[in-house]
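I opened this notebook to record what I looked up in a single protein model. The entries run from the whole chain to individual residues.

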Amino acid sequence: MSGYFKNIKDSFKTLSGGLKITLRYLADARKSRTPIGIKDEKYFEADKGIFTLQYPHESFPVPDTGRYRLHNEIDDCIVCDKCAKVCPVDCIDIEPIKATDTIGLTSDGTPKRIHAAKFDIDMAKCCFCGLCTTVCPTECLTMSKVYDFSEYDVKDHNYSFAEMDLVEIAQKRKEAEDAEKKKAEARLRAADSNKESVVARPGKPVVKKEGGEEPAKPKFRPKVAVKPKTSSSPEKSAETGKPKPVFRPKPMVKKKTEEENSTVKPKPVIKAKPKPVVKKKADDVEGGKKEQEPTDKPKPKFRPRPVIPKSKPKKDDES
């Protein structure tokens with residue numbers, strides 16, 4: 001019985017200890033704690049109040065280095081297409097239209113010469129790497145602090161930042177096409193004028209034709225070989241009094257014709273090695289056999305066989 005009542009006593013003791021802590025914080029739970037970031041100096045001092053936030057009406061402050069939803073300031077965008085090229089998942093779609101003249105300036109003074117007919121970012125594909133924000137030259141593309149952008153349809157994650165309507169897009173495209181045609185015509189005219197304004201070099205005849213004047217092709221004149229001066233007494237210079245060096249032409253090297261170059265050199269003939277001569281030696285007439293021994297091979301050295309001494313017979317003991 002003593003153990004039974006002891007367990008009841010311990011249970012009441014532990015329950016009362018927990019209830020004391022709950023009642024201590026019950027008075028502070030009447031008001032909520034002001035949400036502050038972890039970088040705030042008073043973050044660890046604010047330990048009283050309700051910690052539960054009424055989201056989305058209340059939220060903790062987001063750090064400035066957080067990478068969340070992308071945002072493009074289209075007024076500062078020069079449509080350079082760097083962000084679309086560096087994107088590893090191809091979530092940025094841009095359609096540029098060249099302008100005929102400068103259409104404005106960005107906040108940092110960069111001139112704008114391209115219209116943004118389309119600038120869409122599909123956040124459903126985005127991997128939040130932040131590479132597009134680092135390559136942007138005007139820093140118009142940033143990752144905002146908006147982290148809750150959930151939608152019922154995945155297509156609603158495609159955000160468009162272009163401000164041009166369909167009529168304006170068609171007009172700007174027509175202007176760009178007309179400007180390209182004018183440039184192409186100007187290039188053709190410049191090429192034709194360069195052909196017509198070919199002036200002949202001085203000292204050469206000009207052949208007159210109906211279309212205009214064209215320079216005549218120069219006739220081929222072979223070079224005359226200059227003979228060296230041969231004199232027994234070389235001329236002396238007036239200043240130094242030393243004889244002038246005599247001009248000695250370099251010897252003419254005869255060039256090989258195509259037939260000589262085309263001739264194939266004969267392959268070297270490989271001669272076979274002569275076989276060693278074998279001399280025949282005749283044995284005694286009685287045997288009548290002949291042995292063949294090569295003269296090149298050395299004769300084997302004579303090695304006598306070891307002689308094993310025979311054991312002497314034991315003498316019988318004389319009786």
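The entries below follow the order in which I consulted the structure.

**Entry 1. Basis of the values**

I note that this is a predicted model, in which local features need pLDDT of at least 70, side-chain atom pairs count only at pLDDT 80 or more, and totals for chains, interfaces and linings use all residues. Residues are numbered from 1 along each chain as its sequence is written, and side-chain values use heavy atoms, with hydrogens and water left out.

**Entry 2. The chain as a whole**

I looked up the secondary structure and found five helices and eleven strands in the protein chain. Helices (H or I, at least four residues) and strands (E, at least two) are DSSP runs, numbered from the N terminus.

I then looked up burial: 14% of the 319 residues of the protein chain count as buried. Buried means under 20% relative accessible area, exposed over 50%, and partly exposed in between, with a 1.4 Å probe and protein chains only.

The accessible surface of the protein chain comes to about 30,000 Å², and 55% of it belongs to carbon and sulfur atoms. These areas come from the Shrake-Rupley method with a 1.4 Å probe; for residues, only the protein chains shown count as cover.

For contacts (heavy atoms within 4.5 Å), I considered residues at least 6 apart in sequence; 58% of such contacts in the protein chain join residues at least 24 apart.

I examined helix α1, which covers residues 2–26 and has 25 residues. From its first C-alpha to its last it reaches 37 Å, close to the 36 Å expected at 1.5 Å a residue; the expected span is 1.5 Å times one less than the number of residues. The number of buried residues among the 25 of α1 is zero, so the helix lies largely in the open.

On the surface I found a nonpolar patch formed by Tyr4, Phe5, Ile8 and Phe12, with about 470 Å² of accessible area together. Patches are made of residues with over 30% relative accessible area and no salt bridge, like charges being joined within 9 Å and nonpolar side chains (Val, Leu, Ile, Met, Phe, Trp, Tyr) within 5 Å.

**Entry 3. Aromatic pairs**

How many aromatic pairs are there? I count three, where rings of Phe, Tyr and Trp (its six-membered ring) pair if their centres lie within 6.5 Å; planes under 30 degrees apart count as stacked, over 60 as edge-to-face and the rest as tilted.

One of them is Tyr4 with Phe5, an edge-to-face pair at 5.5 Å centre to centre and 75° between the planes. Tyr4 and Phe5 are both exposed.

Another joins Tyr68 and Tyr147, whose ring centres are 5.8 Å apart with planes at 55°, so this pair is tilted. The pair links distant parts of the chain, 79 residues apart: Tyr68 is in the loop between α1 and β1 (70–72), and Tyr147 in the loop between β6 (141–143) and β7 (158–160). Tyr68 is partly exposed at 26% relative accessible area, and Tyr147 is partly exposed at 40%.

**Entry 4. Salt bridges**

I found two salt bridges in the structure, each requiring a side-chain nitrogen of Lys or Arg within 4 Å of a carboxyl oxygen of Asp or Glu.

Asp93 bridges to Lys118, with the closest N and O atoms 2.8 Å apart. Asp93 lies in strand β2 (residues 92–98) and Lys118 in strand β5 (residues 114–122), 25 residues apart. Asp93 is partly exposed at 37% relative accessible area, as is Lys118 at 28%.

Arg173 and Glu95 meet in a salt bridge at 1.9 Å, N to O. Arg173 lies in helix α4 (residues 166–196) and Glu95 in strand β2, so the pair ties together parts 78 residues apart in sequence. Arg173 is partly exposed at 37% relative accessibility, and Glu95 is partly exposed at 29%.

**Entry 5. Two loop residues**

Is Thr106 buried or exposed? I found Thr106 buried, with a relative accessible area of 8%, in the loop between β3 (104–105) and β4 (111–112). Leaving aside neighbours within four places in sequence, Thr106 is in contact with Asp75, Asp76, Ile78, Lys112 and Thr138.

Pro35 is in the loop between α1 and β1 and is partly exposed, with a relative accessible area of 34%. Leaving aside neighbours within four places in sequence, Pro35 contacts Leu53, Ser59, Phe60 and Pro61. I also noted that the C-alpha atoms of Pro35 and Thr52, 17 residues apart along the chain, are separated by 9.7 Å.
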